[in-house]
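Here are a few notes to read alongside the structure, written for someone opening it for the first time. Take the points in order and keep the view beside you.

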There are 4 protein chains.
Amino acid sequence: MIIVMSPGTKEKEVKQVENRLRELGFATHVIVGEEKTVIGAIGDKSALNSEGILNMPGVENVVPIMKPYKLVSRELKKKSSIIQIGDVKIGGTDLVVMAGPCAVESEEQLLEAAHAVKQAGATVLRGGAFKPRTSPYAFQGLEEEGLKMLAEARRQTGLAVVTEIVDTRDVELVARYTDIMQIGARNMQNFRLLREVGQTGKPVLLKRGMSATIEDWLMAAEYIMAAGSHDVILCERGIRTYETAVRNTLDISAVPVVKELSHLPIIIDPSHATGYAKYVPALAKSAVAVGADGLIIEVHPNPSRALCDGPQSLNPGQFNALMQDLHGLARFVGKRLPACSFHSEGQNRAI
Amino acid sequence: MIIVMSPGTKEKEVKQVENRLRELGFATHVIVGEEKTVIGAIGDKSALNSEGILNMPGVENVVPIMKPYKLVSRELKKKSSIIQIGDVKIGGTDLVVMAGPCAVESEEQLLEAAHAVKQAGATVLRGGAFKPRTSPYAFQGLEEEGLKMLAEARRQTGLAVVTEIVDTRDVELVARYTDIMQIGARNMQNFRLLREVGQTGKPVLLKRGMSATIEDWLMAAEYIMAAGSHDVILCERGIRTYETAVRNTLDISAVPVVKELSHLPIIIDPSHATGYAKYVPALAKSAVAVGADGLIIEVHPNPSRALCDGPQSLNPGQFNALMQDLHGLARFVGKRLPACSFHSEGQNRAI
Amino acid sequence: MIIVMSPGTKEKEVKQVENRLRELGFATHVIVGEEKTVIGAIGDKSALNSEGILNMPGVENVVPIMKPYKLVSRELKKKSSIIQIGDVKIGGTDLVVMAGPCAVESEEQLLEAAHAVKQAGATVLRGGAFKPRTSPYAFQGLEEEGLKMLAEARRQTGLAVVTEIVDTRDVELVARYTDIMQIGARNMQNFRLLREVGQTGKPVLLKRGMSATIEDWLMAAEYIMAAGSHDVILCERGIRTYETAVRNTLDISAVPVVKELSHLPIIIDPSHATGYAKYVPALAKSAVAVGADGLIIEVHPNPSRALCDGPQSLNPGQFNALMQDLHGLARFVGKRLPACSFHSEGQNRAI
Amino acid sequence: MIIVMSPGTKEKEVKQVENRLRELGFATHVIVGEEKTVIGAIGDKSALNSEGILNMPGVENVVPIMKPYKLVSRELKKKSSIIQIGDVKIGGTDLVVMAGPCAVESEEQLLEAAHAVKQAGATVLRGGAFKPRTSPYAFQGLEEEGLKMLAEARRQTGLAVVTEIVDTRDVELVARYTDIMQIGARNMQNFRLLREVGQTGKPVLLKRGMSATIEDWLMAAEYIMAAGSHDVILCERGIRTYETAVRNTLDISAVPVVKELSHLPIIIDPSHATGYAKYVPALAKSAVAVGADGLIIEVHPNPSRALCDGPQSLNPGQFNALMQDLHGLARFVGKRLPACSFHSEGQNRAI
């Protein structure tokens, strides 16, 4: 931590800051520049209880030097984490594709989607049973009924299942039916939910908040890891900017930045990032080329009648065509789209 | 709702869209322009289940005409709502000032703050018992102990109490100790929490999310009202922008915009909006002049040692000086700073 | 400047960075922390040619400590600048109000507006002769004819005149007809224009760019001052954010931030900040209360027929009513709306 | 154009708006909904002089239906434009790579860079002779001397040359020495410069402004095309957002969006988009995969000593390695990296 003092600060004020820093457990180191004095504060205390220093006389600015996260950081763990769920591996050379409808609407709709995405080569099924909707009057999900349908789809297809959780009271329920628990963008800083979900020890898909910095996002992952789950998958899904041509702005740079700062795998959600099915294939390709560990894509048997996110859902034919393209592209960046064999009860699809 | 068709759309496609709209319960009205055809869809169905239409052949864009909210809207209720909590009125000619520390740290700290802000003319005491912190290693609040201290401070000062709730499981607990339940910026779209809090029927202070549009925010208020609480106080606390000179960017325009769209009262939090105590007084004055119904301000007996938000907290002397300024300014815009007499057990301060 | 080295950096790399810094004229000071080493670089060299250091082996980050501007900074000049144009003073206790149409459309329109705003108490007339329009097909201004009309309006009313310049080739022409040369938001980083306008030595109204940080903006002012004009008036006119309820988001905090960092006066443009006439009065009041040195407001004799910016223009009656409100408010914050007597040929209006 | 009237609007007000629309040359079409009345205004007038309608009594909102641009739009020209400069084709199956230093610093530096990028397979040389720098004290470019060095580099390597122009007074000069004239992000709405550059009829590289919407950007291209140049190359270079981990946020979605809306080619600048050399290769790959027509990349013989943009510059070895990767990737998306043979005086590099 570097404390920058205002020009013309009195020596007494510098001393007071030094004293306060020592009281907090830091060693101090003063550098007197031509116009300003700066104080280096050394010690593994992080800046936790020291932010009030900014309010001391003569202090102009406080510049943190240490990263605020530890467990998620690549400084701690050099090797990239690989998260294994059944036969599905996330974070290594396999490119994971999660696909399915925004919301579970009925058993028929879900099963049709599940078989279609399995057929096309996806290895994880997505589908929301609890839907956080902007309007209280919109379809809010089938809740436990939806979870049961997801379990049935898993049984039939062998796909792993990821579904969103929105309430601490549902942790046990959702954990029972799902392989990966999803924290949505709107709950990325619902710290209680992060902690409770982390305590289950299950794999967690952590979507980036709509206006979360990468640091905010890694801190949210740190909450989950600190609570006990080491299997956090980060998911970039577009951030809020001034541009209105698309629903959100996909922050493609997040992939190399996260890969540098953290050992955790990162996937991309091109469906929420754009909000329009027509842009999904191009963005999915860019995600693979930039080095993402996977994709999560909305697929609906009949997008124009979807109860949720219809405009951004691919139909099964479009999804299948995209998967063909991704096969070749994945090989080019040293990855592969695996055949699915997770809990599979039928025959595997040859790839 | 207006459906804009692409140039060169076939008549058959227009018909299909019309049919789908009628199926959804809308009356339709086609306007053939020189280059594009648009379809007006009439009916009080809102755009709820009709967004998938964007995925139909020939559809270029769907433009909603109706607002997505009802209960919060001024179209429904022309007269501004006044929320009464004991003797405190929010939304009328009284200017409400809520003040106190970011977090309840100890009984001593809280009581010192409470007496100081009461002395200066505040009528509501703020203080967090459950703190949503970016870092899992930071102070997370005293929880129920903190709530008890707030209740004691209320007993001693007669101030009403507002405190944040972060988990659906705590609704009953927090409701027992507080007069106003606060939904923080990070939970503005924690829809379950909105619903549960709304069901208590208690007054709710709803902070604007960090990157929530005004429409998103009003929709969150709609959730609370739809669940049963009619006493929602909106709180603008700065939004996330590219500017880094301050912690957030206070969106001062939100006040006249909200006043036009909604009957609900709106207050401003200049402390979170800037993150620096030195800017709080100027912003507090601008908030009063723009027509806000009140302020919520962080005040700490010793900001440089605060466990949370020290840099943005005023000390009691600074807060008192600001309140003196606000008295005159409030009168100028047709408002007044009331004396506090809520549950008061001591004598009131003459103003 | 502080150079932060990566954890595990070799001593040799630290030495190389130190050597490079000394070569650039800095004294260096190494602090070895528990996990990271930082190097303090001392010397009044600013970070100008040293940014490439970030590319040296082992360097994780470079943190500037010194501000990049000098002439505009309050560190250099403690006393707030007052800019005098005839009898108009900007930056002291007088609150300057600049008003008039977006574009000069005709002599009749301009004179009607000029007399109206003078009558209501404005002391500077605004009006564009060169209009930077988003569309090449939109009205681009009357150019020199417009400048002549502005000069005639000044002759008749005694108001000072501010008008925008958009091309380095017009500097002499515009300087001949105007009292204050305006640099618009879109040209805030047209550095050639800044330099040329600065070389005239005339007062300059510098609008903040649509996505300029306060530091970018002060650097643009530094260009003008470095070129020779010391009379720079900063103008906050809203920044681009994700919010769409208004045209731009007025960054009201910019006023106290600029007042702290710089000695230059700052005014607010509530018309461009919102884009809607209905919100202008509330924002104008907040601007005065926050401590701005003045306002620039669009006034048109007939806004619904304006060739430019009609939706955000007040009509003369609305402007007059606003000015009545501002009189009282200005007094409250220790300012006053002066009577205009600049080059006045008629009688002054008593205030 | 759709005019939305407020609920409860009087018939007389609807009539007034209809009359005004007819006066402006529109046919009108009134739809009376259950709560609101909307007026469809038909006619190819665009919304140019009709924005003032928003200020008429009873008008709540005006929704444009037609795009504001024509010449750049794919509605006008279905086939993608291919821009030919010597043997370099931009917009077809060739993937154009422009590379070179941020600024021309010396003949030696430029020639070293030019030969290196040519060797690696680039076909266009970039290099700034006029540098728009945030600080007036930073290196501003070698001006005409720099242009001469670019011409010499072209002579020696056969590379086409792109360089930035920042002042209308330099149009003739820059046009004399360059193949493609670049409009930088800061001048994207310097409409005079757009017009003058367009009038030369030369190819123009138009960078997206830092906070320009895609529509703003296409309107800037419309300016150039309306002035006479049909050879506009769009360049996405990152937009300003709240994220600070990178210098700007690369808006990768801009590629499919622009491809849908316009026939013009679009390339990506991963160097400015991130500001860090370490992230450039990953983003360059994502750009190719998403379907961009090319790249512009900063390459400097010695980045840590560059006078400008050192942190984001690749050295020749890094650039060469990236080009090897792009060869394979380009083939995968149906493009190819052509051998350069523009005005070439030496032998071509076999690919």
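Predicted model: local features only at pLDDT ≥ 70, side-chain atom pairs only at ≥ 80, totals over all residues.

**Notes on the chains and their contacts**

1. Now for chain A as a whole. Its secondary structure consists of 10 helices and 14 strands. Along the principal axes, the C-alpha atoms of chain A fill a box of roughly 75 × 45 × 40 Å. Chain A has 351 residues, and 60% of them count as buried.

2. How is chain A divided into domains? Domain 1 covers 2–63 and domain 2 covers 83–332. Their C-alpha centres lie 44 Å apart. As for contacts in chain A between residues at least 6 apart in sequence, 66% join residues at least 24 apart.

3. Helix α9 of chain A deserves a look of its own. Is this helix, residues 280–290, largely enclosed or open? Of its 11 residues, 11 are buried, so the helix is largely enclosed by the rest of the structure. The buried residues include Val280(A), Pro281(A), Leu283(A), Val288(A) and Val290(A), and Lys285(A) and Ser286(A) are also among them.

4. Next, find the place where chain A and chain D bring their α10 helices together. Two packed helices are described by the angle between their axes and the distance between the axes. Here the axes of α10 (residues 316–332) of chain A and α10 (residues 316–332) of chain D come within 10 Å and cross at roughly 175°. An angle over 145 degrees counts as roughly antiparallel, and therefore α10(A) and α10(D) are roughly antiparallel to each other.

5. Which residues meet between α10(A) and α10(D)? From α10(A) come Gly328(A), Leu329(A) and Phe332(A), and from α10(D) come Gly328(D), Leu329(D) and Phe332(D). By class, the residues of this contact are four nonpolar and two polar, with no charged ones.

Conventions. Residues numbered from 1 in each chain as written. Chains lettered and ligands numbered in written order. Helix = DSSP H or I, 4+ residues; strand = E, 2+ residues; numbered from the N terminus. Buried ≥ 20, exposed ≤ 12 C-beta atoms within 10 Å, placed from the backbone. Contact = placed C-beta atoms within 7 Å. Domains from an automatic or database assignment. Axes fitted to C-alpha atoms, helices over the stretch in contact; angles between N-to-C directions. Parallel < 35°, antiparallel > 145°, perpendicular 65-115°, else oblique. Nonpolar A, V, L, I, M, F, W, Y, C, P; charged D, E, K, R; others polar.
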